[in-house]
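Keep the structure open while reading.

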Amino acid sequence: MKGDKTMKTKRFSLYWWCACAGTLLASCYPLWMGVRVLGDLIADGTVAKEHYPKYLIPYTPIAVAVIVGVLLMPLCLRWLRRAALVGGAGAALAVFFTAELLLEKTVVVSDGLAAQLEDWQMYMCWVPPELVDWSGGYRTQTAVDILMGDYNPAFKLHFYVISVVLILALLNCLYGFGQMIRRDEFTRCKSLTVQSVCTAVFLGLCILACFTAFWRDGNLAVSPLSAMLMSVFFILLGVTAGVFAASFLLGRRRAVSVAIPAAIAAVMTVVMYIGEMILLSGHLYQYGEGLLFESLPVIVLAPVDILIVLFSGGVTAAISQWLNRAPRKEEPSKQ
């Protein structure tokens with residue numbers, strides 16, 4: 001008995017060290033961005049635009065938050081037990097919002113122009129870097145005027161939603177597998193594996209969006225490629241959040257284990273649309289031409305957007321149903 005406990009402890013220790021090393025390795029670039037900006041702040045009190053790494057926020061605070069959450073894993077599992085994720089994720093989110101708000105107050109200076117990072121980041125959301133005229137402010141175009149509007153801090157809603165979903169999903173996987181190894185109990189293995197796949201693909205899309213903005217060009221009407229990538233991004237955000245909920249509701253009645261994750265997925269997708277609507281001054285990107293892509297009165301969403309919301313919930317419901325399916329019992333062989 002004592003030998004089994006010692007073996008579990010050793011396996012968990014190895015897992016935790018691997019989780020720490022993997023998290024640090026995956027966070028090298030976000031951490032480098034943060035160190036570079038902090039170096040400029042310490043030396044000059046501001047950050048020159050040519051030294052500003054694009055999407056410093058929110059990805060550097062996300063990386064720092066996840067690292068803190070992983071470092072706290074042994075303490076949380078030991079002292080909080082089943083509530084370990086609550087404690088670890090709570091600490092990680094506190095670190096994230098602290099780092100995020102501090103970085104948002106960073107001043108970016110370029111050719112005599114100065115702006116707080118939160119303002120500057122908003123403009124970078126819709127203006128590709130090569131279209132920015134640094135000598136005289138921000139380059140404006142007819143379509144871009146629609147996107148710009150007045151500065152509204154609420155535009156950060158979708159940044160925060162993405163960040164919180166990523167932090168919770170990543171820590172759910174890391175803590176979940178850690179708990180399984182520590183307890184030698186694997187009932188959540190299937191759900192955590194699905195969560196890991198969803199989170200990895202969603203994170204990959206986030207990284208792609210950072211460097212390409214899904215090839216948007218500053219116009220409300222986007223290309224078919226951009227429309228497809230944005231649709232998948234919205235759907236996958238909802239599915240990732242829904243599967244997170246589903247991993248804790250295994251074995252409950254259908255109204256709980258399937259309906260709740262599906263509803264969460266649909267709601268999270270709607271929240272992303274709301275964030276985009278705020279950023280675009282009450283508009284949304286248009287994925288094509290025709291009735292399917294035209295905004296409906298009052299709600300702004302087009303029929304295709306409603307289908308995306310429903311599809312996000314439907315995919316999550318199907319996954320939740322599969323996760324709760326009991327394994328088939330093997331029939332005894334006839335002699």
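Which Phe and Tyr residues form one aromatic cluster? Phe 202, Phe 214, Phe 233, Phe 234 and Tyr 273 do. The model is predicted.

## Aromatic pairs

Searching the whole structure gives 10 aromatic pairs. One of them joins Phe 97 and Tyr 160.

Phe 97 belongs to helix H5 (residues 84-104), and Tyr 160 to helix H8 (residues 157-183). The pair therefore ties together parts that lie 63 residues apart in sequence. Phe 97 is partly exposed, at 31% relative accessibility. Tyr 160 has a relative accessible area of 19%, so Tyr 160 counts as buried. The cut-off for buried is under 20%.

## A pair within the cluster

Phe 234 and Tyr 273 also form a pair. Their ring centres are 4.6 Å apart. The planes stand at 65 degrees, so this pair is edge-to-face.

Phe 234 sits in helix H10 (residues 224-246), and Tyr 273 in helix H12 (residues 259-279). The pair therefore ties together parts 39 residues apart in sequence. Both Phe 234 and Tyr 273 are buried. Both also belong to the aromatic cluster, along with Phe 202, Phe 214 and Phe 233.

## Charges over rings

Arg 188 places its charged end over the ring of Phe 248, at 4.5 Å from the ring centre. Lys 190 has its charged end over the ring of Trp 322. Here the distance to the ring centre is 4.4 Å.

How values were computed: Residues are numbered from 1 along each chain as its sequence is written. This is a predicted model: local features need pLDDT of at least 70, side-chain atom pairs count only at pLDDT 80 or more; totals for chains, interfaces and linings use all residues. Side-chain values use heavy atoms; hydrogens and water are left out. Rings of Phe, Tyr and Trp (its six-membered ring) pair if their centres lie within 6.5 Å; planes under 30 degrees apart count as stacked, over 60 as edge-to-face and the rest as tilted. Helices (H or I, at least four residues) and strands (E, at least two) are DSSP runs, numbered from the N terminus. Buried means under 20% relative accessible area, exposed over 50%, partly exposed in between (1.4 Å probe, protein chains only). A charge sits over a ring if NZ of Lys or CZ of Arg is within 6 Å of the ring centre and within 35 degrees of the ring normal.
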